[in-house]
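Hi,

Here is the model I promised to pass on.

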Amino acid sequence: MTTLAPVLEDGVTIHHPHLVNLYGCHVGAGSRIGTFVEIQRNAFVGRNCKISSHSFICEGVTIEDGVFIGHGVMFTNDLYPSAVTEDGTVQGDSDWQVHPIRVRQRASIGSNATILAGVTIGEGALIGAGAVVTCDVPDFAIVAGVPARIIGSTRHKPAPAEASQAAALAE
């Protein structure tokens, strides 16, 4: 089996290239890839994304521009995973179907979230740490939990000055 070289656009930063596994994927200009990340064939990462350490981006995942992927985020691409076929032989590429995932621009996915096959995460959405996303997430939604449920909107997040004031008051 031949390993396909990744396509890396200008300005891609890979902090520890010997500690990542990129093959047959496309990574857009200005994106940053952390340590111990795997991005498989036929996966696409847009421009100016940040993929944090220990994340797994499998075949069929499309990440649009400006997306943040936290530490240890896992994507899946198979609705019925199995090692073998019904007759007990090892599955090959023709024995299963990729169910694509799309992460729309400027979405953020918190550490240790799991994104199940076939899901679309909307523009500007925020996925809470540890969430398990089992269905589509609307644009600008904040979701958290297992399974992930809508708990708010990123359209209502405080302005930077308000957030700083709130943090100062909390001390």
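Before the rest, some housekeeping. This is a predicted model, so local features need pLDDT of at least 70 and side-chain atom pairs count only at pLDDT 80 or more, while totals for chains, interfaces and linings use all residues. Numbering starts from 1 along each chain as its sequence is written, and side-chain values use heavy atoms, with hydrogens and water left out.

The overall picture: the chain has 1 helix and 20 strands. Both are DSSP runs numbered from the N terminus (helices are H or I, at least four residues; strands are E, at least two). Of the 171 residues, 37% are buried; buried means under 20% relative accessible area, exposed is over 50%, and partly exposed is in between (1.4 Å probe, protein chains only). The accessible surface comes to about 9500 Å², with 55% of it belonging to carbon and sulfur atoms. Those areas come from the Shrake-Rupley method with a 1.4 Å probe, and for residues only the protein chains shown count as cover.

Now the sheet. An open sheet is formed by 8 strands in the order S2-S5-S8-S11-S14-S17-S19-S20, with mixed pairing. Strand S2 (13-14) and S20 are at the edges with a single partner strand each, so one side of each has no neighbour in the sheet. Pairing here requires that DSSP finds at least two bridges between the two strands.

S19 (residues 141-144) is worth a click. On one side, strand S17 (residues 126-127) runs parallel to S19 through 2 bridges, with Leu126 opposite Ile142. Strand S20 (residues 149-153) runs antiparallel to S19, joined by 4 bridges, and there Ile142 has Gly152 as its bridge partner. S19 and S20 make a hairpin with 4 residues between them, and Gly145 in the turn has a positive phi of about 100°. As for the faces of S19, Ala141 and Val143 are on the covered one, Ile142 and Ala144 on the uncovered one.

What about the interior? The largest nonpolar core has 37 residues, and Ile39, Ile63, Phe75, Ile109 and Ile121 have the most contacts inside it. Such a core is a set of buried Ala, Val, Leu, Ile, Met, Phe, Trp, Tyr and Cys residues joined through side-chain atoms within 4.5 Å. S10, strand S13 (101-103) and S19 each supply at least two residues of this core. Leaving out residues up to four places away in sequence, Ile39 touches several residues, including Leu22, Tyr23, Ile33 and Ile57 (contact means heavy atoms within 4.5 Å).

Glu64 sits in the loop between strand S10 (61-63) and strand S11 (68-69), and counts as buried because its relative accessible area is 18%. Its side chain makes a polar contact with the side chain of Arg102 at 2.9 Å. (A polar contact is a pair of N or O atoms within 3.5 Å; within protein, one must be able to donate a hydrogen and the other to accept it, and residues adjacent in sequence count only if both atoms are side-chain atoms.) Beyond neighbours within four places in sequence, the contacts of Glu64 include Gly46, Cys49 and Val103.

Finally, the cysteines: Cys49 is buried at 1% relative accessible area, whereas Cys135 is partly exposed at 42%. With a disulfide taken as a pair of cysteine sulfur atoms within 2.5 Å, the count comes to 0.

Cheers
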